[in-house]
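Work through the two exercises below with the structure in view. Try each task before reading its solution.

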Amino acid sequence: MTTIFGYPLVVWMGQLLLGLINGSFYAMLSLGLAVIFGLLRVINFAHGAMYMLGAFVALLMATYLGLNYWVALFVAPLVVALGGAIVERTMLSRLYKLDHLYGLLFTFGLALLIEGTFRYLFGASGQPYPVPAALSGGVNLGFMFLPIYRGWVIIASLIACLAVWLLIEKTKLGSYLRASTENPVLVQSFGVNVPLLLTLTYALGAGLAGLAGVLAAPIYQVSPLMGTNIIIIVFAVVVVGGMGSILGAIITGYMLGIAEGLTKVIYPEASNIVIFVIMAIVLILRPAGLFGKDA
Amino acid sequence: MAPLLNVAGLQAWYGESHILHGVDLHVNAGETICILGRNGMGKTTTLRSIMGILSKRTGTITFDGTDLMKTSLHNTAKAGVGFVPEERGIFATLSVQENLMLPPKVAEGGMSVDEIYTLFPNLKERRNSPGTKLSGGEQQMLAMARILRTGAKCLLLDEPTEGLAPVIIQAIGDVLRTLKARGMTVVLVEQNFRFASKVADRFYVMDHGTMVAEFPVADLPNRMAMLNETLGV
Ligand SMILES: Nc1ncnc2c1ncn2[C@@H]1O[C@H](COP(=O)(O)OP(=O)(O)O)[C@@H](O)[C@H]1O
Ligand SMILES: [Mg+2]
């Protein structure tokens, strides 16, 4: 049997895949954070709460409206995006003229408010969300048994990340977004409604978080605190990748998910902290992040 | 006929610092005017206030029947005013072509991309490189070209020749004469009045936040002594 460093290849492959699944969530969430930070200069602490909202909207749609996963996959991100747009327009946008710290504190407070409300309404314990019938079961890959749903998560997240990347790099709207990231006042003086662009960007980030939440619902328990657990890791991912770098956020998300998985093979006890160790090393060697531009 | 752009009693502030103390100027359709003045006298601030980039302002600004004092920044361009900033403002994360296509069209009658590439052949050659990889002269050309596409009626041009080689300055002069032939209205800010004398119809001299003189180009020879003194050249 093939072994690497004394561990069977099948174990490596298995953890690689599991790492890729976690990485899918990291990538989608850190992408949204990076897009929001790039344009709004706001570190969105409410990102974890938005991820949780996506999962909850899917769960509530199923429980009260009998709407299935596929409907939720489209509707829940839109609901979260709309919520994000309303929050940005009515509240966050008032803080841009102040120190960036206010935006951070506001979104932090918002996260506490949303998560506290959901905890009050639904309790802290998790609730299961069924795997959609079309994606249930699994395939034997030879080296591991892969639940089909988890494979779907990897594909769906790759598609979502690619779509956002194309939107930003290859479309007219994306060129407004990139230009506004550099010099919003000049872009607005050209006649572009930059305040609206900020709202759309926050909504896009929120929608991505919501989509990640729906994808996560059948894998993890849907609970009010599911966002708090993951968002800490995602912030570390963003620090490693470099704030504001779109491609950096995506690649780093998958990479760190994989690093986490592979660590499970060698030294399982360290798998929970490996990302933070990498973060510390990157901060020492390259404070702007792997893909960040040195300020 | 009423002037295309009319500014009266314009005052403006950066935070607490009071920079413009009642600026009066007008520009007729098709005319090129030039604002002369030493560094720090408020020329850039005047253009930024007209655009609405500087929002702490009082006075009157009307353009083509629109009250620009009541117009938000992104609607000033739609009224037909195009701004080419002193620092040029070319975007590093956009290609030359993307930079060129960035400002939305505000009216019919702008130059087509083909016409622009004929006027600025260098930009065509380099259309796929990042905007900031261009030379200073090419960046200035690009900053002007992207506004010409939009159909803006009036160009606010802030020190286009600053730091550029004589041959490029000459090329910019040619472009301005081409624009004038097409009926473009231009507000030019310059310190190089030898260059300005070849393109402007009328001059304003700015000193400490107000206009201290106004005269047509024909009067320039008689004003040389005064200019040499106020501009400190
Ligand atoms: N962003 C700013 N904040 C505060 N003061 C400024 C700012 N920009 C320019 N000023 C001041 O306003 C005055 C006029 O500047 P400016 O309009 O740029 O002059 P000019 O274009 O004629 O060289 C100067 O005293 C300058 O120091
Ligand atoms: Mg200036």
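**Exercise 1: a helix, its length and its cap**

Task: find out whether the span of helix 3 (residues 69–90) of chain A agrees or disagrees with its 22 residues.

Solution. Helices are DSSP runs of H or I with at least four residues, numbered from the N terminus, and the expected span is 1.5 Å times one less than the number of residues. At 1.5 Å a residue, the 22 residues of helix 3 of chain A should span 32 Å, and because its end C-alpha atoms are 31 Å apart, the two values agree.

Next, look at the N-terminal end of helix 3 of chain A, which A:N68 caps with a side-chain oxygen lying 3.0 Å from the backbone nitrogen of A:W70.

The model is predicted: local features need pLDDT of at least 70, side-chain atom pairs count only at pLDDT 80 or more, and totals for chains, interfaces and linings use all residues. Residues are numbered from 1 along each chain as its sequence is written, chains are lettered from A and ligands numbered from 1 in the order in which they are written, and side-chain values use heavy atoms, with hydrogens and water left out.

**Exercise 2: where two chains meet**

Task: describe the contact (heavy atoms within 4.5 Å) of chain A and chain B, starting with how many residues each chain gives.

Solution. Chain A gives 18 residues and chain B gives 21 residues. Then look for a salt bridge, that is, a side-chain nitrogen of Lys or Arg within 4 Å of a carboxyl oxygen of Asp or Glu: the rule finds one across this interface. A:R178 forms a salt bridge with B:E98, with the closest N and O atoms 2.8 Å apart. Finally, helix 6 (172–182) and helix 7 (184–189) of chain A each supply at least two residues of the side that touches chain B, and helix 6 of chain A gives the most, with six residues.

Conventions
A polar contact is a pair of N or O atoms within 3.5 Å; within protein, one must be able to donate a hydrogen and the other to accept it, and residues adjacent in sequence count only if both atoms are side-chain atoms.
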